[in-house]
Amino acid sequence: IQGVASGDLAAPLVTISSSIASGSTVPTGTPINFQVTAANNGNGGSIANVQILVNDSSVATLATSPYTYTWYPASAETFSIEAVAFTALNKEGASTNISITAFVNQPPSVTLDTPVANQTFLGPTTMNFSATAAGSYGAIQRVDFYANGSLVGSASNSVGGYYSFAWINCAVGSYPVYAEAYDVYGASSNPPPITVNVSQLQPPTSVAITSPSSGSAFSTPYN
């Protein structure tokens with residue numbers, strides 16, 4: 001038989017903290033880490049368990065300290081999260097609420113403005129990439145530029161609305177190239193590549209004077 005301690009008669013003290021600040025907006029699927037502290041508010045008894053409630057529904061029951069839980073919002077809505085602790089005599093105490101809004105993110109848009117499809121350069125050369133990009137919800141973090149499936153450069157800042165990079169010493173060859181944009185939430189675009197060509201720079205064609213012949217002499221006036 002368990003004795004009733006005076007501490008069991010009072011509600012426990014509960015706090016909850018989150019890796020995402022209350023009031024934040026995040027994409028669905030974002031991992032959010034919760035940490036709960038629970039202490040008996042009296043002279044006896046113990047914490048039996050802690051529950052994490054999302055919109056008043058329990059998503060986790062934690063029996064031992066440290067009371068931690070990772071949650072992933074699955075739908076686009078505003079969530080109210082709280083922790084409730086129970087003592088051995090089923091007295092309960094609740095934390096203050098955390099509010100987090102989730103949305104369904106979409107990939108950013110990106111357009112490779114230069115070079116253009118089937119453009120030909122004389123090489124080796126410097127190929128200048130330029131792209132425009134916009135995020136659906138979050139700002140653009142960076143734009144990566146690819147050639148033959150390999151990353152050749154990146155731009156994290158736009159100048160005049162363009163993200164640019166100069167690919168130096170681009171060798172002779174045919175290159176599928178594209179730009180890929182990332183937003184601050186990690187969403188990225190997946191555009192199809194275009195093909196550009198770098199051709200060998202040819203020496204100038206030789207020029208010969210066939211008339212008059214070398215050493216020719218003329219009387220003046222000569223027509």
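This report describes the nonpolar cores, strand pairing and selected side-chain contacts of a predicted model.

## Nonpolar cores

The largest nonpolar core comprises 22 residues. Within this core, the residues with the most contacts are Ile16, Val36, Val50, Ile52 and Ile81. Two or more residues are contributed to this core by each of strands S1 (13–18), S3 (32–39), S4 (47–54), S5 (57–62), S6 (67–71), S7 (78–87) and S9 (98–103). Apart from this core lies another, of 21 residues, whose members include Val110, Phe121, Ala131 and Phe145. In soluble globular proteins, nonpolar side chains tend to be buried together.

Leaving aside neighbours within four places in sequence, Ile81 is in contact with Ile16, Phe34, Ile52, Leu53, Val54, Trp71, Thr96, Asn97, Ile98 and Ile100.

## Pairing around strand S17

Strand S17 (residues 194–200) pairs with strand S11 (residues 120–123) in the parallel sense, over 4 bridges. In this region Gly123 stands opposite Gln200 of S17. Strand S17 also pairs with S16, here in the antiparallel sense and over 5 bridges. Gly173 stands opposite Val198 of S17.

## Tyr178 and its contacts

Tyr178 is located in strand S16 (residues 173–183). When residues up to four places away in sequence are not counted, Tyr178 touches Leu112, Asp144, Phe145, Tyr146, Pro191, Pro192 and Pro193. One of these contacts, Phe145, is also a member of the core of 21 residues. By contrast, the C-alpha atoms of Tyr178 and Asn55 are separated by 44 Å; these two residues are 123 residues apart along the chain.

## The salt bridge of Arg142 and Asp144

The model contains 1 salt bridge. It joins the side chains of Arg142 and Asp144, with an N to O distance of 3.1 Å. Side chains of opposite charge can pair when their charged atoms come close.

## A nonpolar surface patch

Tyr137, Val184 and Tyr185 make a nonpolar surface patch of about 310 Å². Of these, Tyr185 lies in the loop between S16 and S17. Tyr185 is classed as partly exposed because its relative accessible area is 37%, a value between the limits of 20% and 50%.

Note on methods
Residues numbered from 1 in each chain as written. Predicted model: local features only at pLDDT ≥ 70, side-chain atom pairs only at ≥ 80, totals over all residues. Heavy atoms only, no water. Contact = heavy atoms within 4.5 Å. Core = buried A, V, L, I, M, F, W, Y, C linked by side-chain atoms within 4.5 Å. Buried < 20%, exposed > 50% of the residue type's maximum accessible area, 1.4 Å probe, protein only. Pairing = 2+ DSSP bridges. Patch = residues over 30% accessible without salt bridge, like charges linked within 9 Å, V, L, I, M, F, W, Y side chains within 5 Å. Areas by Shrake-Rupley, 256 points an atom, 1.4 Å probe, with all protein chains shown as cover. Salt bridge = Lys/Arg side-chain N within 4 Å of Asp/Glu carboxyl O.
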